[in-house]
Amino acid sequence: MIGGYDKGLLKNDLKYHKVVKKTWWTLRLTKVIIGGVDTKFCNKKDKICYIIIDTGASLMATPP
C-alpha cells in the first residue's frame, strides 16, 4: 500500500517515533529486548543507540 496503511491488518495501534536523522530514517532506541531480556546493545553510559528503518529491506541490523 502506498501512502497509507490498512487498520484492519494491524494487531495493535500504530505508534509514531521521531526521526533523528532523515538521511537514513534513523530512530533513537533506549534498549533492545529479545525474549524479555535487555540485550545491553545500547550505550551503557548514555543508554541510547540508533536503528535505521527501511520498509523495503528484508533484514534488520543492530548495533555491534
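A pocket is here an open set of grid points, on a 1 Å grid over the protein atoms alone, with protein on both sides within 12 Å along at least five of seven lines; its lining residues have an atom within 4 Å of a point. In the predicted model, the largest pocket is lined by Tyr5, Leu14, Lys15, Tyr16, His17, Val19, Trp25, Leu27, Ile53, Asp54 and Thr55. The space in this pocket amounts to about 430 Å³. By residue class, the lining comprises seven nonpolar, two polar and two charged residues.

Strands S1, S2 and S5 form an open sheet in the order S1-S2-S5, with antiparallel pairing. Strand S1 (19-21) and strand S5 (49-52) are the edge strands, each of which pairs on one side only. Averaged over the sheet and with direction ignored, neighbouring strands are turned by 55 degrees against each other.

The antiparallel pairing of S1 with S2 rests on two bridges. In this pairing, lysine 21 has threonine 26 of S2 as its bridge partner.

Threonine 26 is bridged to isoleucine 52 of S5, and leucine 27 to isoleucine 51 of S5.

Methods
Residues are numbered from 1 along each chain as its sequence is written. This is a predicted model: local features need pLDDT of at least 70, side-chain atom pairs count only at pLDDT 80 or more; totals for chains, interfaces and linings use all residues. Side-chain values use heavy atoms; hydrogens and water are left out. On a 1 Å grid over the protein atoms alone, a cavity is a set of points where a 1.4 Å probe fits but cannot get out, and a pocket is an open set with protein on both sides within 12 Å along at least five of seven lines; lining residues have an atom within 4 Å of a point. Grid points are joined across faces, edges and corners, and a volume is the space filled by probe spheres set on the points. Ala, Val, Leu, Ile, Met, Phe, Trp, Tyr, Cys and Pro count as nonpolar, Asp, Glu, Lys and Arg as charged, and the others, Gly among them, as polar. Two strands pair if DSSP finds at least two bridges between them. Helices (H or I, at least four residues) and strands (E, at least two) are DSSP runs, numbered from the N terminus. Axes are lines fitted to C-alpha atoms, for helices over the stretch in contact, and angles run from 0 to 180 degrees between N-to-C directions.
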